[in-house]
Amino acid sequence: MTTPTKKRLAKVAGRHHDPAPVETPVVTPRRRAPWVLAAVAVVMAVLAGWFTLEARSTNAVVAHNTALSDVAGTADAGKQISAALGTLFSYRYDDPGRNEQAAKELLTGPALAQYGQLFGEVRKLAADQKLVVTSTAVASGVKLLDGDRAALLVFLDQTGTRGDGQHSTGAAQLSVTAERVGGKWRVTGMSAA
């Protein structure tokens, strides 16, 4: 729809000039409204689909993660794995066999290989320094509990005493995965958190 414009007189070099009328198209808001509404509807439909997929994905993860709903199972996993890590990361230079035995009972899979590599180096230093390390799990949080699988974050306090009487303290944070076999939790993977 076009509307005519008013004629304007322009003065050109002392003469009056009567330009031809110029018609400019005018776009009314009524013409834009259907397109804008259609674009908004498409964007809303896409967002609704995306939110639905995200909600299904989140619900699937939450349905399998019983860390918050299975209080007894979560407590059991946290307690057993924390105790296992306290045992595994405590070390006496004069009794290395105890750690080796504990590793066989409490670790499986990649965690067993990781531990063997780590304590291979510790054994050498511990014998020379007559090192005794005591580790205690001070806090743990179960991030995932899915049947016989668990993922935790564990905080350890460590105290070391060397043969010459020097003491040291430290802390460690471990991200741990574990599996339950025959009612007993075994660590399957560990990494610094």
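Residues are numbered from 1 along each chain as its sequence is written. In this predicted model, local features need pLDDT of at least 70 and side-chain atom pairs count only at pLDDT 80 or more, whereas totals for chains, interfaces and linings use all residues, and side-chain values use heavy atoms, with hydrogens and water left out.

When a salt bridge is taken as a side-chain nitrogen of Lys or Arg within 4 Å of a carboxyl oxygen of Asp or Glu, the count comes to 5 salt bridges. One of these joins the side chains of Glu100 and Arg123, with an N to O distance of 3.5 Å. Glu100 belongs to helix H3 (residues 96–106) and Arg123 to helix H4 (residues 110–129), so this pair ties together parts that lie 23 residues apart in sequence; helices (H or I, at least four residues) and strands (E, at least two) are DSSP runs, numbered from the N terminus. Both are partly exposed, a class that falls between buried (under 20% relative accessible area) and exposed (over 50%), calculated with a 1.4 Å probe on protein chains only: the value is 37% for Glu100 and 31% for Arg123.

A salt bridge also forms between Arg180 and Asp148, whose closest N and O atoms are 2.9 Å apart. This pair links distant parts of the chain, 32 residues apart, with Arg180 in strand E8 (residues 167–181) and Asp148 in the loop between strand E6 (132–146) and strand E7 (149–161). Arg180 is partly exposed at 26%, as is Asp148 at 42%.

In a further salt bridge, the side chains of Arg162 and Asp164 meet at 2.9 Å, N to O. Here Arg162 is partly exposed at 31% relative accessibility, whereas Asp164, at 52%, counts as exposed.
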